[in-house]
Amino acid sequence: MIKFPDNFLWGSAASAPQTEGHALLNGKSHTTWDKWIELNPEKFNAGQGPKDTSNVYELYEDDIKRMVEIGMNSYRTSISWARLLPDGKTLNKEAVAFYRDYFEKMNQAGIKPIINLFHFDMPWWLMEKGGWETRESVDAFAFYAKTAFEEFGDLVDEWATFNEPLVHIECGYLYGFHYPAIVDFKKAIQVGYHTLMAHFLAVKAYRETKQTGRIGIILNVTPTYARSEETMDQKAKQNADVLIIKSFLDPCVLGTIPAELVDLVNEHELTPVTEAGDKEIIKEYPVDFIGINYYQPMRVQAAENPRTPAVTTSDLFAHYDWPEKRMNPYRGWEIYPEALYDVSLMMKNDYNNIPWYVSENGMGVAEEERFMNDNGMIEDDYRIEFMEDHLEQLHKGIEAGSNCFGYHTWTFVDCWSWLNGYRNRYGFYRVDLDNNFERSLKKSGLWYKELSQNNGFEI
Ligand code: BGP
C-alpha cells in the first residue's frame, strides 16, 4: 500500500469557459472564444463552442454533491473575467451572486475551492485593443484580480493567477491554434512578458489587499528529454528548458528572469518592451505555491536548418519522436509517468522545494462510448491504470523529499475543450450531450473514491 501525506488534496480541475455554459447570458460579455466560433464555426470540432459546455451555471449544486460522492476534497475552476467585469470596469452583480454561492456551497460540502483567474479566456473588448500585446492588459488584469480577491477572498483561500500561460502565448502567437492565430515570435515574447507582469501585479494586489490565503500559478512544465548527449541536442534541450520551464518558474518562484532567457531573446532580436520598476516587482512578489499540469513529456533534438534570428521555436529546438515511446492508443499522446518523479526532484532541487501540486493529469479518450457496459457505465480501466502509474511516480518523488501537497485530475465531468470540443473525454463522470448534459459515473470515479478514502492505494 502506498500512502500520501496527511491532508493531501484529492480532486479535479476544470475552468469557467469549459464548463459554465451561459456563455452570452446573465450579463457576461464575449470572450475571444465566443467571438471566434461566431466568425469561424468550422474550426471547432462538431461546431461546439462555449455555449455548449456542461451547464455548470445551473447544475453546480448537484455537481458539488457528485464531487463528494467520489471522495474529492478540493476542486479547481476559474472565474470568467468577462462574466465578472463585462466591460472591464463594471461589476456584474449576478456573477458575484453566482460565484459566491458556488464557492460557499463547495466550502459547506468540504470541497476546498482553488480558484484561478485566467484560463485562455480573454475578454473580447480587450482583445479588440490588442489583448496581451498591450501594456493596458496588465493593468486591466490587475484590476480584475483585485476585484476577485475583494469579492471572494473570504470564501477562497487558494488562488491561481493563470492556467498554462504558455498556451495562450504559443497557440495564439506562434502555432496558429488559438485566436488571434498569428505566427510572430516577437509578439509572442511581448505577450509572454505582459502575461508575466499581469501575474505579478495580481500577486501584488493579493498581498496588498491583505488576503490570508495562498496564491500561485498553474504551469504546464515538464522536464525535457534530449535525443542524445551530443552538443546540438543538448543545446536544443537548453533552449526548450529556458522557454518552457524557466521562463515562468524562475521569476514566479526565484524572483528573477533567467539570464539565459535574456540572452536568447536578445540574440534573436525578440527583446520585449519593459517598464522601469518591473524588475523590482518580479523580485518582491514570489508565489506561495506552484501547480503543475502534466500530460506528456517533451522530447527534443537539434533544430533542422535553424534560422537566426529565429522565426519560431522550431529554429531553437525540434520535437524528437522517441522510438520507444508508449502511446495512449485512444487519442495519441505519449504516456510517460516517470516524468512526474523527475518534476518532483526538479521542484525540490531547483525551486527551493516550494509547495506544489499536480494541478492536472489525466487521460483523454476519443469515442469513449465504446467502453460502455450494458448498465451504461464507462469501464475506463485504462484511465485507472494511467493514474495509478503516475501516482506511483509522484509518491516516489514525495518519498525523496519533494513538497507535493495534492493530485488533481483533468477532469471531473467530461468537458468542452476549445477547438477539440468534446472529442477527448477525461471525466470521472460522462456527460451526455444529447440529454441535457446528464452526468453518469464512470468506473474511475469509484476507484477515485477508494483512493481518496484510503489516502493511497495498493500496488
Ligand atoms: C490542458 C488545459 C485544459 C484541457 C486539457 C485537455 O492543457 O489546461 O484546458 O483542455 O489540456 O486538452 P485536450 O482536450 O486537447 O486533450
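The structure is a predicted model, in which local features need pLDDT of at least 70, side-chain atom pairs count only at pLDDT 80 or more, and totals for chains, interfaces and linings use all residues. Residues are numbered from 1 along each chain as its sequence is written. Helices (H or I, at least four residues) and strands (E, at least two) are DSSP runs, numbered from the N terminus.

**Helix 10 and helix 11**

- Two packed helices are described by the angle between their axes and the distance between the axes.
- Helix 10 (residues 231-254) and helix 11 (residues 259-267) have axes that come within 10 Å and cross at roughly 120 degrees; axes are lines fitted to C-alpha atoms, for helices over the stretch in contact, and angles run from 0 to 180 degrees between N-to-C directions.
- Helix 10 is therefore oblique to helix 11; angles under 35 degrees count as roughly parallel, over 145 as roughly antiparallel, 65 to 115 as roughly perpendicular and the rest as oblique.
- From helix 10, Asn239, Val242, Lys246 and Ser247 meet Glu260, Leu261 and Leu264 of helix 11; two residues are in contact if their C-beta atoms, placed from the backbone, lie within 7 Å.
- This contact of helix 10 with helix 11 comprises 3 nonpolar, 2 polar and 2 charged residues; Ala, Val, Leu, Ile, Met, Phe, Trp, Tyr, Cys and Pro count as nonpolar, Asp, Glu, Lys and Arg as charged, and the others, Gly among them, as polar.

**Helix 13 and helix 14**

- The axes of helix 13 (residues 338-350) and helix 14 (residues 381-399) come within 7 Å, crossing at roughly 25 degrees.
- Helix 13 is therefore roughly parallel to helix 14.
- Glu338, Leu340, Tyr341, Ser344 and Leu345 of helix 13 meet residues of helix 14, namely His390, Gln393, Leu394, Lys396, Gly397 and Ile398.
- By class, the contact of helix 13 with helix 14 has 5 nonpolar, 4 polar and 2 charged residues.

**The ligand shell**

- Around the ligand are Ser15, Gln18, Asn163, Glu164, Asn220, Asn293, Glu360, Gly364, Trp410, Ser417, Asn420 and Asn424; a residue is near a molecule if its C-beta atom, placed from the backbone, lies within 6 Å of it.
- The shell around the ligand consists of 1 nonpolar, 9 polar and 2 charged residues.

**Buried residues**

- Helix 2 (residues 32-39) has buried residues at Thr32, Trp33, Asp34, Trp36 and Ile37; a residue is buried if 20 or more other C-beta atoms lie within 10 Å of its own, exposed if 12 or fewer, and partly exposed in between, with C-beta atoms placed from the backbone.
- Helix 1 (16-19) and helix 6 (124-127) are included in what covers the buried residues of helix 2.
- Leu84 lies in helix 4 (residues 81-84) and is buried, because 26 other C-beta atoms are within 10 Å.
- Beyond its neighbours within four places in sequence, Leu84 is in contact with Ile79, Asn92, Ala95, Tyr144, Thr147 and Ala148.
- Leu243 belongs to helix 10 and is buried, with 24 other C-beta atoms within 10 Å.
- Leu243 and Glu360 are 117 residues apart in sequence, and their C-alpha atoms are 21 Å apart in space.
- Met298 is located in strand 9 (residues 298-301) and is buried, with 21 other C-beta atoms within 10 Å.
- Apart from residues up to four places away in sequence, Met298 touches Thr222, Thr224, Ala240 and Ile244.
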